[in-house]
Each structure stands twice: as structure tokens, then as C-alpha cells.
Amino acid sequence: MSTGSSPSSLGVPAAVQSSRQTVAALLRDAVRSLGATRGFVALVDRESGELVIEFTEGEGWTEENRKRRLSIGQQEGRGITAYVAASGRPYRTGDVTTDPYYLPFFDDVRSELAAPLIDAYGRAIGAINIESDRPDAFDECDEHLLRAIGSQAALTLAMADYQVRERALLEVANELTLTANAMPFLERVAHTAASTLGAEDCSIFVLDQATGRLVLKASRGPLASLVGDASYQLGSGLTGWVAASGQPARTGDPRLDPRWRGVLPEFPPEDIGAYMAVPINGISGVLGVLRVVRRRRTSMYYHHEFTEGDQDLLTTLANQIGVSLEIAKLMERLVQSERMAAWGEMSARSAHMLGNKVFAIKGYLNELEYVLSKEGPITSDAADVLAGLKRNVFSVEEILLEFRDFLKATQLQLAPLDVNEVLSRSLSEGVPKDSGLRVTTELADALPLVDGDASKLDRCFTELIENAANAQPGGGMLHVITSLATAEDLARAQYVGGGPAIKIEFLDGGTGVAAQDKQRIFDPFFTTRSRGMGLGLSIVKGIVEAHRGVIREVGEPGQGAHFVILLPAAAS
Amino acid sequence: MSRVLVVDDEEEVREAVRRRLEREGYQVATADSEANAIAVLKGAQPSFDVVVTDMVMESPDSGARVLMAAVSQDLFTEVIVLTAYGNVANAVECLKRGAFDYVEKNIPGVDVYDLLAIKVAQAIERRRAAVGTVRRLESLGFYGRQR
């Protein structure tokens with residue numbers, strides 16, 4: 001009777017279940033056709049790394065002796081099955097009583113024949129073993145046949161594994177949705193990668209463009225508690241190298257790799273059995289790293305190294321993560337621009353109404369002054385009050401002007417233009433006369449044209465010139481550079497759009513921008529000055545973004561501001 | 001006494017401008033929309049010397065339409081357009097069509113009412129000069145001569 005039992009099939013995919021049935025049937029056929037008394041198939045367990053009897057055929061098997069049979073052999077490093085699984089070679093004996101490898105288990109056994117199960121990478125993943133109560137029961141022909149059956153079983157199991165991977169990839173792909181929050185998807189992928197690749201740890205690092213650090217965003221394994229905190233410097237360690245180079249890394253023992261630093265050890269370094277990391281690519285460069293790590297097993301049968309197939313799977317998952325991160329970025333930008341558009345319309349109306357009210361207030365103020373003066377000379381107290389009222393009405397008007405500028409900044413009249421020409425004009429007219437600002441330039445020749453609004457760009461450059469002047473009240477320097485943006489420039493700026501771009505840089509000798517202010521300086525109403533509304537740099541950003549460009553401040557705090565603008569070149 | 005029509009859809013603005021111009025001794029009427037202004041202009045007898053009109057009311061070029069109505073009623077009526085900041089393009093369009101001048105409502109540091117009073121006075125002066133010239137030409141027989 002067949003006792004081809006298997007662990008509970010609950011939650012086991014259909015593909016795995018049917019492959020197990022096929023392997024059980026292969027074993028049954030082997031035992032019958034080769035005239036064996038009984039037989040079994042042992043597989044290397046992914047968790048423990050040990051050989052485990054998964055299928056049995058013939059008389060005399062119990063749950064207990066199934067477990068005992070191999071554990072004895074593995075403890076002593078002997079046994080025919082252990083030899084076959086470790087060496088990947090078949091073994092045949094016609095008289096077990098004189099065989100050094102044979103460990104007596106069933107009393108009636110005289111002959112034994114075993115063949116390895118070899119996977120697509122030539123690695124033994126288990127063994128098929130048959131035995132007989134007759135001496136010299138198996139010949140060379142039987143050995144060939146059992147090897148063929150072993151290969152068939154290995155192939156069946158490999159197919160099931162591929163189907164499990166296919167299903168995992170399909171599930172991941174189906175969960176890729178249009179959302180501004182990529183984090184749940186990242187968690188999902190970390191889980192899938194860890195379970196499908198048999199890795200104890202899977203971690204996803206996302207590059208923070210502002211700091212140049214790879215920050216742990218999702219993790220399945222020992223690093224899970226460090227999500228959001230742990231990070232690598234770009235280029236540092238093996239994981240940092242993957243992000244910086246855009247190349248994958250796959251190694252059995254990272255300690256032997258000169259790039260490895262052991263910055264974030266999932267396990268003690270000596271416990272790492274295999275390491276694999278692939279870059280997460282976005283539209284314009286590396287967005288992060290997807291990494292899996294296997295713990296080392298103290299088993300001679302277990303193959304720790306990740307395979308090429310494993311790397312293909314991880315790369316596919318990394319690509320999906322890349323898409324999800326780009327989607328999140330685009331969604332965020334969309335929401336942001338919709339919000340800005342709604343806000344802009346409401347603001348334009350408010351500004352108009354406020355302007356009219358302020359105009360009326362000015363009229364009454366004028367009238368009040370007139371009425372008071374009719375009664376006789378205006379007292380100095382009354383004159384002070386009137387002056388205060390006027391001063392404040394005027395400052396409200398100044399705010400309104402700045403505010404309307406901000407609203408108008410993004411309404412463009414586009415025409416092909418030479419950025420250097422606009423910039424030269426801004427520099428010749430926009431430098432405040434009494435600022436003492438020394439301006440130097442480095443303008444690249446033959447730059448592609450930009451589809452732009454010359455007056456808006458002039459406004460944008462003039463704001464940056466004034467910003468430099470304000471940052472150096474006693475006079476100082478401003479260095480302006482134009483060039484064709486490099487691929488690295490585009491990646492650093494997370495420039496979305498593709499195609500060539502013009503890079504415009506403004507460097508001054510002021511105090512620079514503190515790290516915590518680098519993002520906020522472009523927010524409306526953010527100002528470190530007392531005058532005005534703080535819309536200057538937000539207007540600059542509004543103009544740049546209306547041109548589908550990006551602007552960042554990248555200077556070292558304390559060593560002067562360094563603004564970098566990227567504007568897309570016009571299609572030639 | 002010179003007659004001025006003040007057109008604005010904001011009551012507070014109309015009132016403030018009316019008071020200021022009455023102080024100058026003008027007879028001031030008001031209208032609260034482009035449509036009303038055009039109606040008032042058509043029924044005015046004699047016609048207004050100066051019209052002060054907001055640029056944007058029912059439509060972005062309401063001021064231009066008020067201008068056309070005023071000038072078609074009396075060629076010598078002078079029109080001053082009030083604009084919000086940043087709406088200079090529309091104001092320039094009005095100047096091309098014969099407006100006397102424009103005044104931005106919100107210029108920081110400037111008492112726009114005093115400025116407006118000056119402009120109205122200048123506009124009245126120009127009208128007077130133009131009308132005077134025509135009268136002299138008429139008295140010399142340049143106009144109305146039958147062929």
C-alpha cells in the first residue's frame with residue numbers, strides 16, 4: 001500500500017500539491033518497476049537545512065521511523081542518503097551487511113540503491129532511495145533508471161517552485177495601485193520576497209534625495225524594528241554600492257567582499273549564508289535597494305547561495321517597487337498641483353476683493369485727514385495715529401502686490417528662448433545698485449533652447465539675485481553657472497520628464513540655508529526676513545515648476561546658498 | 001460745476017471716491033455696474049465731463065465698454081480707468097481707445113485719492129481746452145459749413 005503521505009496541504013498552492021502527488025507516483029513506480037521492497041524520497045528542508053523524508057512507499061513505515069532514519073545518519077555524517085544528497089552522485093550496494101555507508105534500519109534489507117534529485121543549477125536538493133530484501137537486487141541499468149526518475153522528480157518540484165513564484169509575482173502586480181502611499185506595497189513585497197526566496201530577512205531601502213542616505217522603509221526580519229531609522233550613506237557598504245552603481249550584488253559570504261562593511265547586520269556576520277541586493281530603478285535613476293539575506297545553516301546539504309533565477313525574481317520585484325514609488329511621487333505631485341490650482345483661484349478672488357477694500361479704506365483715511373484738518377490744525381497725536389494707519393494700509397498693499405505676483409507667476413506665455421540671454425539681462429538689470437554684489441558668470445556655449453516665458457524667468461532670476469543680495473547685506477559675491485545637465489544631475493534632482501535639461505546654478509557667499517530649512521525655504525510665507533511676505537522663493541519655485549523644471553538648494557549650511565535649477569530643453 | 005460719473009461695483013469704493021471728488025467741488029454721480037453706467041451715460045443731459053470707471057466689473061473689459069459708451073455720447077468726455085495691480089494690459093488697451101489715463105488702486109506708499117483728484121482735474125482741463133478749441137473753430141466757420 002502506498003503511504004505517500006505529505007504534510008498538511010492546507011494553504012499549499014495547487015501547483016505544489018499536484019507536484020507532490022507526481023513525486024509520490026514516481027516513487028511508487030520506481031519501487032514497483034525495479035522490484036524493490038520499499039523506498040523513500042528525502043528533500044533538503046528549507047527551514048532547517050536538514051534532509052527530511054517527504055515521501056515513502058512500501059511496508060513498515062511509521063511517523064517515528066521516518067524521522068529517526070535520517071537524523072541518525074545526519075548526526076553521524078554517514079548513511080547512504082546523506083552521502084548521495086551531499087555528493088550529488090548515485091550509490092548502489094548489493095550487500096548492505098558489508099557496506100561502510102549503510103546504517104541498519106529495517107532488518108530485512110539486503111540491497112540499496114539511491115540517486116540524487118538535481119535542480120536546474122546542478123545542485124542536489126534531495127535523494128530518492130529504494131531497497132530490497134534480496135542481495136544484489138539492483139544492477140547498473142536500474143541505477144540509470146532511478147537517476148532518470150530522480151531527475152524527473154527534481155524537475156517536477158522545480159516546476160512547482162516556478163509556479164509559486166509566478167503566482168507571487170502576479171499577486172504583487174495586482175496589488176500595484178494608484179496611490180500616493182507606497183509603504184503598504186513595500187511591506188507586501190518584502191513579505192513576498194522573503195517567503196518566496198526562503199530568506200530570513202528582506203529589507204527595502206529608499207534613497208532620500210535630500211540627505212543622500214538610503215533609509216530602511218520596509219523590512220521582514222530582524223531589521224523590522226529599525227524601519228524609518230536605519231540608513232546607509234549612498235555608496236557605503238555593499239548595499240550602498242548597489243544603489244550608487246545601479247548594479248546588483250550576489251554573494252555567498254559578504255565578509256569576503258571588499259565593499260562589505262557590515263553596517264546593518266541582520267545576523268552576526270558569521271551567520272550570513274547568502275546576500276543578494278538589486279537596485280530599485282526609477283525613471284531617472286536609482287530610487288533604492290531591495291535586499292535579501294539568508295541565515296547560514298549548519299547543514300552540509302543546504303545550498304545557501306542565491307541563484308540567477310532568484311536574482312531575476314528579486315529584480316522583477318524591485319522593478320515593481322520602482323513603479324510604485326514613481327506612482328506615489330506622481331500622485332503626490334498631482335494632488336499638490338490640484339490643490340495649488342484651487343488655492344490659486346480662491347486666492348486670486350480674495351486678493352481682488354481685499355484690494356478693493358483696502359482702496360476704500362485709503363479713501364476714508366484720506367477723508368478723515370481732510371475732515372480733521374477742517375476743524376483746525378491736526379494735533380500731533382492725531383497725526384501719529386493717521387501715519388500709523390497709512391503705514392499699515394501701505395504694508396497690506398505691499399503684501400497684496402507680492403501675493404498677486406505669486407499668483408501670476410505660473411501663468412506662462414511660452415516661446416523658445418536662450419536661457420543665457422535672459423540670465424544676462426536679469427544680471428545687468430536685476431542687481432540692486434547699492435547692494436555691493438560682485439557678480440561672476442560661467443555660461444555654457446550652445447545650450448539648447450528652452451520653451452519658456454522670458455519675463456517670468458527674468459522675474460525668477462531677479463528674485464534669486466535679490467535673495468543673494470539680501471543674504472549679504474554688506475556686499476558679497478554671486479556666481480552664476482549654466483550648463484547642460486548630466487545624467488547624475490537629473491537623478492539627484494529626481495527630475496521627472498526625460499530628455500535633456502539646462503542646469504542653472506546660483507552660488508552666493510552668505511550664510512547658506514540650514515539643513516532643516518532646505519525644503520521649507522520654497523514654501524509660501526516662509527521667510528527669515530522681517531519685511532515682505534516670504535513669497536520670493538515660492539514664486540521662484542512656482543515659475544520653475546510651471547516650466548516643468550525643478551529647483552533645489554544644495555549648499556553646505558554656513559558656506560553660502562547654492563541653488564540648482566533644471567529646466568527641460570525644448571524639443572528640437 | 002464739472003460733472004463726474006464714478007463707476008464701481010464696490011459700494012465702499014464708489015462712496016470713497018465720491019466723497020474725495022465732491023471735496024474738490026465736483027458734482028458726482030455714481031453707477032454700480034457696466035450696464036447701469038451705460039444707461040446713466042445715455043440719459044445724461046448735459047453729458048459728464050469725466051467718467052472714473054473700474055476696469056473689471058461684469059467682465060474683464062467692462063471699463064473699455066463704459067469708455068466706448070461715454071465717448072459715443074460725447075466725444076470730449078474724458079475717461080479715467082481704475083485698475084487692480086497687474087491689470088495694466090487692459091488699461092493700456094483703454095488708453096489706445098482714447099482713455100485719458102489709468103490709476104492703479106493699490107500702489108503702496110501713494111495716496112491714490114490725491115493722485116486721482118489731480119488726474120480728474122487734468123482731465124477736466126483737457127476737456128475744457130478741447131471744447132474751447134472746437135468752439136473757436138466753429139466761430140471761425142471751420143465746422144458746420146455746408147458744401
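Tutor: One term before we start: contact means heavy atoms within 4.5 Å. This is a predicted model, where local features need pLDDT of at least 70, side-chain atom pairs count only at pLDDT 80 or more, and totals for chains, interfaces and linings use all residues. Residues are numbered from 1 along each chain as its sequence is written, chains are lettered from A and ligands numbered from 1 in the order in which they are written, and side-chain values use heavy atoms, with hydrogens and water left out.

Student: Okay, what does A:Trp241 contact, beyond its neighbours within four places in sequence?

Tutor: A:Gly235, A:Ser236, A:Gly246, A:Gln247, A:Pro248, A:Ala249 and A:Arg259. A:Trp241 and A:Arg259 are 18 residues apart in sequence, and their C-alpha atoms are 7.3 Å apart.

Student: Which helix holds A:Trp241?

Tutor: Helix H6 of chain A, residues 237-245. Helices (H or I, at least four residues) and strands (E, at least two) are DSSP runs, numbered from the N terminus.

Student: Is A:Trp241 buried or exposed, or partly exposed?

Tutor: A:Trp241 is partly exposed, with a relative accessible area of 25%. Buried means under 20% relative accessible area, exposed over 50%, partly exposed in between (1.4 Å probe, protein chains only).

Student: And A:Ser19, buried or exposed?

Tutor: Buried, at 4% relative accessible area. A:Ser19 is in helix H1 of chain A, residues 14-33. Leaving aside neighbours within four places in sequence, A:Ser19 contacts A:Thr156, A:Leu157 and A:Ala160.

Student: Zoom out. How many helices and strands does chain A have?

Tutor: Twelve helices and 18 strands. Of its 572 residues, 48% count as buried. Among contacts between residues at least 6 apart in sequence, 66% join residues at least 24 apart.

Student: Now helix H5 of chain A. How far apart are its end C-alpha atoms?

Tutor: 21 Å. The helix has 15 residues, 183-197, and at 1.5 Å a residue they should span 21 Å, so the two agree. The expected span is 1.5 Å times one less than the number of residues.

Student: Which residues of H5(A) are buried?

Tutor: Among them are A:Phe185, A:Leu186, A:Val189 and A:Leu197. A:Arg188 is buried too.

Student: What covers the buried residues of H5(A)?

Tutor: The cover includes helices H4 (140-174) and H7 (308-374) of chain A. It also includes strands E6 (201-208), E7 (213-220), E10 (272-282) and E11 (285-295) of chain A. H5(A) lies across those four strands, running at about 65° to E7(A). Axes are lines fitted to C-alpha atoms, for helices over the stretch in contact, and angles run from 0 to 180 degrees between N-to-C directions.

Student: In what order do the strands of that sheet go?

Tutor: E8-E7-E6-E11-E10-E9 in chain A: six strands, an open sheet, antiparallel pairing. The edge strands are E8 (231-233) and E9 (249-251) of chain A, each pairing on one side only. The twist averages 20° from one strand to the next. Two strands pair if DSSP finds at least two bridges between them.

Student: How many bridges join E6(A) to E11(A)?

Tutor: Six, and the two strands run antiparallel. A:Asp201 has A:Val293 in E11(A) as its bridge partner.

Student: There's a sheet with E13(A) in it. Is its pairing parallel, antiparallel or mixed?

Tutor: Mixed. Five strands form this open sheet, in the order E13-E15-E16-E18-E17 of chain A. Its edge strands are E13 (437-443) and E17 (550-553) of chain A. Four bridges join E17(A) to E18(A), residues 562-568, in antiparallel fashion. There, A:Arg552 stands opposite A:Val564 in E18(A).

Student: What about the largest nonpolar core, how many residues?

Tutor: It has 44 residues. A nonpolar core is a set of buried Ala, Val, Leu, Ile, Met, Phe, Trp, Tyr and Cys residues joined through side-chain atoms within 4.5 Å. Those touching the most other members include A:Phe461, A:Phe506 and A:Phe563.

Student: Which element gives the most to this core?

Tutor: H10(A), with seven residues. A:Phe506 contacts A:Phe461, A:Leu478 and A:Phe563, among others.

Student: Last one, chain B. How many residues of strand E1(B) are buried?

Tutor: Five of the five, residues 3-7, so the strand is largely enclosed by the rest of the structure. B:Arg3, B:Leu5 and B:Val7 lie on one side, B:Val4 and B:Val6 on the other. In a regular strand the side chains alternate between the two faces of the sheet.

Student: Is E1(B) parallel or antiparallel to E2(B)?

Tutor: Parallel, over five bridges, with E2(B) covering residues 27-31. B:Val7 stands opposite B:Ala31 in E2(B).
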